[in-house]
Amino acid sequence: MIKTKPVGPIPDGYGAHNGELAIGGRTASDLVAAAGKTPLFVYSRAHLDNRVAALRAALPARIGINYAVKANPHADVIAHMEPLVDGFDIASSGELEMVNAAGIDPARVSFAGPGKRDDELEAAIAAGVTLNCESEGEAERSLAIGQKLGKAPRIAIRVNPDFELKGSGMKMGGGAKPFGVDAERVPALARLVVEGGAQWRGLHIFTGSQALSADAIIEAQGNVLGLAAKLANEIGAPLPKLNMGGGFGIPYFPNDTALDLSAIGKALHTYVDELPESFTETELCLELGRYLVGEAGVYLCRVIDRKVSHGTTYLVTDGGLHHQLAASGNFGTVVRRNYPVAIASRYDAEPSDVVNVVGCLCTPLDRLADNALMPAAKVGDIVAVFCAGAYGASASPTAFLGHGPAAELLV
């Protein structure tokens, strides 16, 4: 008997209509027909709206929300987020073009990343985007480019703190890192930036991502605020803005539990109430990507073959890791676990088969679910992979083996 492996938890807000998975009030088959093909990413407006509304209700009014475009740069998603959030964080000149195309005010945009080319710095400075400088060399290049353009660059400093976000899926602070300027060197660099004629825009302190522990996030946020206050005092000038980073995770795997947003909000209310007087005029924000859009996305692919090998049943789909690298377990996961996966065509049917759901690529790495208990599926049925709204279409090797990109719809 084959031992089953559980699938991850399906996010709230998804249900069945006429036996099928429904997204935004439309069935999976209707959405596929509208797109004209599978595979297909579907992004739910309602999920995006509800997530931002929940954050607004939990957080102090003073703390803004920035959307990290890298999580999902689809044009329709960016346009939908524009009125919902306070700012946008980008990581390349390509993403700068995307926010420009959406008509977003460059004053709402900040640009982070450890390897900004001179042409990227020039485009950002010309547009009036804030640069989160990651090194002394980058700051010096930015000042020189600003002088050439006759325009004062808007410069913040990304700080590499001495602490990290505990339990983070990706640690981006603490110890030697390619990201940011070590905390003890920040005051001298900040004074250099101000004396060089830049518009001083404050600090960016990002410690990690994909944490599900509210306690860990609360501790990190307290550390961020404490460090920012210390650095502001050493710099000798108020902070115009403090980007506190994010790190808010979403449940992907069996036994993952949703982040306790209310606990984080309560702690932030206390932190804000206790801020020193030097923070009176400081703009505060969180930088969130996955937490805003991850659960809003569903990846739909179609079963094109059902086969049995040595007693194991395989559902072979027209999708795979070339669109959903993370779900295949090849995006930093040490031990492969199943994402939330379902048979969208038989969404309310009782599970009866133990199956492996695989993609169409010629590699054993192309797996979407292992030994999962599913309703009996046949050729033509649609498979749904949830939590596909972040780091899916744009973070996967779309060109691998030439199958091409998936369609994308916002509904």
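Helix 8 and helix 9 cross in a right-handed manner. A crossing is right-handed if the near helix is turned clockwise from the far one by less than a right angle, and left-handed if anticlockwise. The contact involves Ala214, Ile217, Ile218, Gln221, Gly222 and Leu225 of helix 8. Helix 9 contributes Ala263, Ile264, Ala267, Leu268 and Tyr271. Contact here means heavy atoms within 4.5 Å. By class, nine of the contact residues are nonpolar, two are polar and none is charged. Ala, Val, Leu, Ile, Met, Phe, Trp, Tyr, Cys and Pro count as nonpolar; Asp, Glu, Lys and Arg count as charged; the others, Gly among them, are polar.

The model is predicted, with local features needing pLDDT of at least 70 and side-chain atom pairs pLDDT 80 or more, while totals for chains, interfaces and linings use all residues. Residues are numbered from 1 along each chain as its sequence is written, and side-chain values use heavy atoms, with hydrogens and water left out. Helices (H or I, at least four residues) and strands (E, at least two) are DSSP runs, numbered from the N terminus.

Helix 8 spans residues 214-235 and helix 9 spans residues 261-273. Their axes come within 9 Å and cross at roughly 20°. Helix 8 is therefore roughly parallel to helix 9. Axes are lines fitted to C-alpha atoms, for helices over the stretch in contact, and angles run from 0 to 180 degrees between N-to-C directions. Angles under 35 degrees count as roughly parallel, over 145 as roughly antiparallel, 65 to 115 as roughly perpendicular and the rest as oblique.

Helix 5 (residues 118-127) packs on helix 6 (residues 136-149) at about 55°, with the axes 10 Å apart. Helix 5 is thus oblique to helix 6. This crossing of helix 5 and helix 6 is right-handed. Asp118, Leu121, Glu122, Ile125 and Ala126 of helix 5 take part. From helix 6 come Glu138, Arg141, Ser142, Ile145, Gly146, Lys148 and Leu149. The contact holds five nonpolar, two polar and five charged residues.

Helix 6 also meets helix 7 (residues 186-195), their axes coming within 10 Å and crossing at roughly 5°. That makes helix 6 roughly parallel to helix 7. Glu136, Ala139, Glu140 and Leu143 of helix 6 touch Leu189, Leu192 and Val193 of helix 7. Five of these residues are nonpolar, none is polar and two are charged.

Two loop residues were examined next. Ile250 lies in the loop between strand 14 (241-243) and helix 9. Ile250 is buried, at 0% relative accessibility. Buried means under 20% relative accessible area, exposed over 50%, and partly exposed in between (1.4 Å probe, protein chains only). Beyond neighbours within four places in sequence, Ile250 contacts Arg51, Gln210, Leu212, Arg290, Tyr291, Gly294, Glu295 and Cys387.

Glu295 sits in the loop between helix 10 (290-293) and strand 16 (297-309). Glu295 is buried as well, with a relative accessible area of 14%. Residues up to four places away aside, Glu295 touches Pro11, Tyr14, His47, Arg51, Ile250, Pro251 and Cys387.

The whole structure contains zero disulfides, a disulfide being a pair of cysteine sulfur atoms within 2.5 Å. For Cys301, the closest cysteine sulfur is that of Cys360, 8.9 Å away and too far for a bond. Cys301 is buried at 0% relative accessibility. For Cys360, the closest cysteine sulfur belongs to Cys362, at 8.5 Å, again too far for a bond. Cys360 is partly exposed, at 21%.
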